[in-house]
Structures are given as C-alpha cells and as structure tokens.
Amino acid sequence: MANFWKLVQNENMKIYRRMRTWVMLGIVVLIPIVVTVAFLLLSDSKDANNWEMMQLETTILFSLITIFTVVVAADSVAGEFSTGTIKLLLIRPWSRSSILLSKFIALVLFSVLLSVVCFVLTWGVNTLVFGFSSDTSGLIPANSPLAGQSPWTYMGLDYLYEWIELIVIVAFAFMLSSAFRSSGLAIGLSIFLLFAGSMITGLLSVTNKPWVKYVLFSNLDLTAYLNGGNPVPNFKTTVGFSLSVLAVYFIVFNIVSWTIFRRRDVAA
Amino acid sequence: MSQVPVARLQDVTKRIGSRTIIDRVSLEIYPGEVFGFLGPNGSGKTTTIRMMVGLMAMTSGDISIGGHSVRTHYPQAAAQVGAIVENPEMYKYLTGYQNLLHYARMNASITRERIDEVVKLVGLSGRIHDKVKKYSLGMRQRLGVAQAVMHRPKLLILDEPTNGLDPAGIRELRDYLRQLAQEEGTAVFVSSHLLSEMELMCDRVAILQKGQIIDIRSIRGQAASAQQQAEEALFDVDRPEAALGVLQGQGGGRIVDGLLELTADRNEIAEVNRRLVEAGIRVYGIRTKTKSLEDQFLEVTGSETIG
C-alpha cells in the first residue's frame, strides 16, 4: 500500500489544478491592496494605524475565505459524484475512510494557505504604506482581556478564532457534500446557512431560553471575546464554553459525513 | 479448469427495498480467461460489477478476489482489481497524464516508467498532456483502459468496454484483452449486451436475466465441436431446382430465397458439392449457418422485455 500522504497530494492536485482556485487566491491577494489604495484615495488624513487597517481588511477577507473554502469543501465529495469520477476513485486499494480523511486534510491545508496569504498581505501592505505602529489603543479595546498585550498576540488570536469559526463551517459544508450527489445543492445550502447564521444569532439574542447558548450560531463569533464581549450579548458565556460547544458540533458533523460516505452505495 | 479462481461470487444478493435486483448470483472467474457477462438492459450487470468493486454493498452472499473478501478486506481485494465501471469518467480539468498520475499514486507498485509504457500501449502518447475535456469518447475509453491495467491487476473488469470505440479500436481492444489473458494470465471480466462482440472475445459467458444467472457456457469449446456437427449449409447455384433433383432429397434439401439449403456436416458438404459440379451445375458459393451467440441468447432469454 502506498502511503497516505499521496492521497492528500491527489486531493491537492484536484484543488490547485483548477482555474477557480487561482481566481480565489487572486482575490485574496488583491483585496488588501485595493482596500488600502482606496483608503489613500478617499480619506483626507492619508494616515492610519497599520494594525487597525489590517484588522479591518481581515474581517472583510475572512468572510470571503470562508465562502471560498466552503465552495471547495462542498464540491469536494459531491463534485466527484456529479461528474462520476467517484467510481474510479473508490475502486482503489484504500478504505473509504482514508479517502474522506485525505479530502478533509486537503481542505484544512487550503484554508490554512488562504489564511496565511491573508495575514502576510494585510500586514505587509499596511505596514509598508502606513509604517509600523506601536500604538495599540485603537486596536485593542480597554475592556479586552488582552489589554496591554502586544498587537501580535491580539492579531494572532484574532486569526486563530476566525479560523476555528471557518473550520466548523467547512465541516458543515463537507457534511452536506457527503450527503448530496449534486455539488450545486451542497454549495448553495452551505452558503445559505452561512448567511442565515448571523440572522439566526440576531433572532436568538432576543430570547432568554437557556438552550440558546448551545446553538451553533450562538458560539461561532469567537472574536467577540477578544473585545471583552460575547457572541450573544445576553448570555455570559466564556471562550472555553464556546470552544467546547464548537468542538462537539465539529465532531458530530464529521461523524455524520463519515457515516454517510462509508455506507453509501455508489450508483451514479 | 483446475486452477484456483481469481474471483468467486457466492450467492450474491442485492435487495433495494422489497425489490431483489440481484438474486443469488454465483460464479467463478479463472486466471487467463476472458469471461463474458451478458444480459439485456436492466438485468443487473452493472449492479453486480459495482458490488465486485465495492461501490455497492451486497445484501447477502460474498465476493472474494484473490482470496480476500470484498466485504471484510476491501483494500486487499481491490489491489488485485482494475476496472472501468460504465463510462470512464475522468477529471476533465486535468490532463490525461495527471489523471493517470492520480490513480498511480493510490497504488504503490506503479512507477513513472510504467505510466509511460501504458500510455504507449493504449496509443495516447501524442495527446496525453492535453486536458481530458478535449478528448473524444474513444480517447477517454483508452485512458480508462490505461488506468485499469496500470497496476497489472489479476482481475480486469470492464463494463461495456466497446462503447464509443470505432471498429478499429474495438478490434484493438479485443486483441489486447486476449493477449492480456493469454500472456499475463489476467482474468478478464467483460459485460456487454453486444452479443457478436462477446462471441469474438470471450472463452465463457454467463447470461444474466432479471438478476439471476440462467446459463453459464463455454464459447470456444462450442466453436470446436461445431465442426463435427451437422449444420445448415447454403449453396448458391445457377439452377436450384435442377440441383435439388440431383441430390434426390439428401439432407432434407429445400429452396430458400433462391438458395439451396440443406443439413450436412463438413464431409457431406464437400460430397454434395462434388455431385453438383459433376451434374454440370455451377456452384457460386457455399456457406454454413452457424448458430450465433445471438440466436442462442434469444433462445435462452426468450423475447422477454426488460423486467
């Protein structure tokens, strides 16, 4: 038997040999440049704090990165079914579990790549244009648990939390991908839930039912903790609590994907 | 054949809901034989193949390949199998070569040299670095064959392999499959509804109808025994009535569509010919009406519609 890494290599090939992936990467590269240039052209002051600009651009970019990874995730399994390539993929001397795992690992690597590109560019472009600032008063609010810490720590945690949110949503898209034969349906449904999620959180925040804090969407916005708040303001949850809830959802989504994928009859 | 079978299907049954799609199918496939799997559309050929390659689970029964059960030791069983299930669907955004590389990576035994060798074998050398979306159906079929034989499987499973191939391609494939079976001892399992194709290609055929095997017969053996058997012979002569008179009813001679038809074995045919010529009748041609597999197939399956 060949080694498992080769399966991941295959999945990577199927991601990076596609035009759409390079369009996505191109957009992730362009946005920080465009936003900074637009700021220079439109703002009167022509000066800004590099950290604050970085955070602003990161917030914009991460919702895009999430959509991009969701598209790739939703297409990952369902796409193989809709094109029929799943048949030639599954008749190899590998268990279905290994093949599914290799797909998920390739997705994680893709999301890490996009996040790293995002970090490097948003930091690089803004530091180049506005210079390196040591003033963090505009970046870290006074009531933040990280008040007084370095901007590196703050931005580092910001990225980590954004990425955890992303990977939970990706696990959800991946689950839909294993459940549906059509990649269009899997992509559409995942993105709908991604947007519906913030509306659901808004609706939930007006109730006081105790189960609300266990709902996925009440825990997704981890970055709220960085600024001394909560994802849903009227529930005083902690980071540890939200991380545990997300971990449970993450595991459940993956167990469902795995169960469906392993048992499914391939008749397409 | 006293050899150990490469593949053994034992009472394989597939039920979906209350419908029994495949009903207790049992067969054995031996090294070096080309085994045909015949059946009308909807008889369950593809479902059986899907179960053999692990794409579908069986309801009961078992399939073992090279002694490994597809149910319990799938990777070990799959390592011995190369297959095309229905159309060879490839990644269209990759080149032919990248597609092969993809499958090669999943099997430790395949080297880059082996990929090149197989590409040459299926005659795709000139176009292998083109994207698959630019390939014709015939070229995709060739690429499908390449991915199926790359790792030198002990069992090669091809579902309707001649789909989309031109006559030259079909002939090439047929020769190649026979060569694989004879020289490398590969067991080749081919499904088709094209009876004449199967007749030329296979050593044995199983006939499947409504999910049940209704007959397994040897084809080559039959062709050999047919030489001794009496069969229908057609004589193309200038004066059929006169010829009939000459023969005086031998072999139940009769005139069909202006041709003289009678039942005779090889020696008798030669004898009839001699007598006709001696009587001054001009013989333009003689041919025998071998019962084709198609006739036999229709005989066995009846003229029933898809069930």
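In the interface, 30 residues of chain B are in contact with 30 residues of chain A, contact meaning heavy atoms within 4.5 Å. The area buried between chain B and chain A is about 2,900 Å², and carbon and sulfur atoms give 59% of that area; buried area is the accessible area (1.4 Å probe) that two parts lose on being put together, summed over both. Of the area that chain B buries against chain A, 28% is supplied by B:Leu55, B:Arg105 and B:Met106, more than by any other three residues.

This is a predicted model, in which local features need pLDDT of at least 70 and side-chain atom pairs count only at pLDDT 80 or more, whereas totals for chains, interfaces and linings use all residues. Residues are numbered from 1 along each chain as its sequence is written, chains are lettered from A and ligands numbered from 1 in the order in which they are written, and side-chain values use heavy atoms, with hydrogens and water left out.

Across the interface of chain B and chain A there are 3 salt bridges, each a side-chain nitrogen of Lys or Arg within 4 Å of a carboxyl oxygen of Asp or Glu. The side chains of A:Lys87 and B:Glu89 form a salt bridge, at 3.0 Å from N to O.

Within chain A, the axes of helix α2 (residues 19–42) and helix α3 (residues 50–83) come within 10 Å and cross at roughly 165°; helices are DSSP runs (H or I, at least four residues) numbered from the N terminus, and axes are lines fitted to C-alpha atoms over the stretch in contact, with angles running from 0 to 180 degrees between N-to-C directions. α2(A) and α3(A) are therefore roughly antiparallel to each other, a term for angles over 145 degrees. Among the residues of α2(A) that meet α3(A) are A:Ile27, A:Ile31 and A:Phe39, and those on the α3(A) side include A:Leu61, A:Leu64 and A:Phe68.

Note on methods: Helices (H or I, at least four residues) and strands (E, at least two) are DSSP runs, numbered from the N terminus. Angles under 35 degrees count as roughly parallel, over 145 as roughly antiparallel, 65 to 115 as roughly perpendicular and the rest as oblique.
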